[in-house]
Amino acid sequence: MLDFYKGKTVLITGSTGFKGSWLCEILSEAGATVIGYALEPNTTPNLFTLAGLDSRITQIYGDVRDYGKVLSVIQKYRPEIVFHLAAQPLVLESYQNPRYTFETNIMGTVNVLESVRQVGCVRSFLNITTDKVYENNDQKDHSFKEDEKLDGYDPYSNSKSCSELVTHSYKKSFFANSKTAVSTARAGNVIGGGDFSKDRIIPDCVKAATAHLPIAVRNKYSTRPYQFVLEPLYAYLLIAQKQYEDEKLSGYYNVGPDHVDAITTGDLVNLFCSKWGGGLTWEDHSDPKAKHEAGYLSLDNSKIKKTLGWHPVLHVDEAIAYVVEWSQALNSKGTDGALKIMRRQIHDFFSRVKA
């Protein structure tokens, strides 16, 4: 499937983020002309810098809230395909900075879509949202389907629900009879090597393990659809390709693991400790006064399976093994060692893809 992208001009907003960096790496190696639009990386270290992507793609630093700059980039580079990943992606950060979160996640989406509409060069547009867009009443053993009510609780989740609705409106109002195919992808919790974000469980695990300290776990009973980073990226690439080839395949897709791999955070950390070795342990740091986060979240992935032939490749224990392999390589062999692992993981993963 990666052969499809050879020679195509692809714009990735949020290119300096965790998923954005992995996507830049994949498309760059596939022979695409990659245009990145994003803020400067917000952590030190960060995967974008470690992978040397600034010198391997055309990177423009800018804010998606800046409509004029977004428009000028699309006018100048005229991408055929757009992956919209730029966002304020953290639940806890959204409680601290709700206005910034809403501005970025809603008006950022408006600005990108309006630029796509004005320029008219884009054949395939994909907005990456989240599994948290749904109204979630913590109903156990319920897996959300794409036609269920959108109404995220916290500012992050709610802003992503709004981003979905913005996309729906543009799709129906402006792109229904055009050459531009428009979809959204609602992905589950993503894990992988090179994530240095705050308030995420895997970066917390790696940081504690590297410092030889117990891992602090905030929500050990929370169930989430954890998946290795290449799983949703494979889905995004597939959606963008298939709707490029046939606009009728555009739509709204859940991207998550099979139900068996939606596990509690406590079980995830137990897996991490066993894969890392060295007697690593964790501690319960639950806070009864913590801000609200849903306790149970699962996605029904049957639509993307049936419509596009996508299937998860890795089980959660394999995903954790990949994370540990990358992180330990960075610690023991430095950047070059980690990048070799990253590229090998991409090669191994896509060699297993059956779609």
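Residues are numbered from 1 along each chain as its sequence is written, and side-chain values use heavy atoms, with hydrogens and water left out. Because the model is predicted, local features need pLDDT of at least 70 and side-chain atom pairs count only at pLDDT 80 or more, while totals for chains, interfaces and linings use all residues.

**Stop 1: the largest cavity**

Select Tyr226, Gln227, Phe228, Glu231 and Leu314, which lie nearest the centre of the largest cavity among its 13 lining residues. Strand S10 (227–228) and helix H11 (316–351) are the elements that give two or more residues to this lining. Helices (H or I, at least four residues) and strands (E, at least two) are DSSP runs, numbered from the N terminus. The space in the largest cavity is about 60 Å³. A search of the whole structure finds 2 cavities of 30 Å³ or more.

On a 1 Å grid over the protein atoms alone, a cavity is a set of points where a 1.4 Å probe fits but cannot get out; a pocket is an open set with protein on both sides within 12 Å along at least five of seven lines; and lining residues have an atom within 4 Å of a point. Grid points are joined across faces, edges and corners, and a volume is the space filled by probe spheres set on the points.

The lining of the largest cavity divides into 8 nonpolar, 3 polar and 2 charged residues. Here Ala, Val, Leu, Ile, Met, Phe, Trp, Tyr, Cys and Pro count as nonpolar, Asp, Glu, Lys and Arg as charged, and the others, Gly among them, as polar.

**Stop 2: the second largest cavity and valine 112**

Next select Leu11, Thr13, Tyr37, Val70, Val73 and Val112, the lining of the second largest cavity. Strand S1 (9–13) and helix H3 (67–77) are the elements that give two or more residues to this lining. Its volume is about 30 Å³, and its lining has 5 nonpolar residues, 1 polar and no charged.

Keep valine 112 selected; its place is in helix H5 (residues 98–119). At 1% relative accessibility, valine 112 counts as buried (buried means under 20% relative accessible area, exposed over 50%, partly exposed in between, with a 1.4 Å probe and protein chains only). Leaving aside neighbours within four places in sequence, valine 112 is in contact with Thr13, Val64, Val70, Ile74, Val82, His84 and Phe125, contact meaning heavy atoms within 4.5 Å.

**Stop 3: helices H7 and H9**

Select helix H7 (residues 201–210) and helix H9 (residues 265–276), whose axes come within 11 Å and cross at roughly 35°. The crossing of H7 past H9 is right-handed. Axes are lines fitted to C-alpha atoms, for helices over the stretch in contact, and angles run from 0 to 180 degrees between N-to-C directions. A crossing is left-handed if the near helix is turned anticlockwise from the far one by less than a right angle, and right-handed if clockwise.

To display the contact, pick Ile201, Ile202, Cys205, Val206, Ala209 and Thr210 of H7 with Thr265, Leu268, Val269, Phe272 and Trp276 of H9. These residues divide into 9 nonpolar, 2 polar and no charged.

Stay on H7: 7 of its 10 residues are buried, so H7 is largely enclosed by the rest of the structure. The buried residues are Ile201, Ile202, Pro203, Cys205, Val206, Ala208 and Ala209. They pack against strand S7 (190–191), strand S8 (215–217), H9 and H11.

**Stop 4: the second largest pocket**

H7 gives the most to the lining, with 6 residues. By class, the lining has 8 nonpolar, 8 polar and 4 charged residues.

**Stop 5: backbone features**

Aspartate 199 sits in the loop between S7 and H7 and has a positive phi of about 60° although it is not a glycine. At 32% relative accessibility, aspartate 199 counts as partly exposed. Histidine 212, which follows H7, has a positive phi near 60°.

Finish at proline 45, in the loop between strand S2 (33–38) and helix H2 (47–50). The peptide bond from threonine 44 to proline 45 is cis, with omega near 5°.
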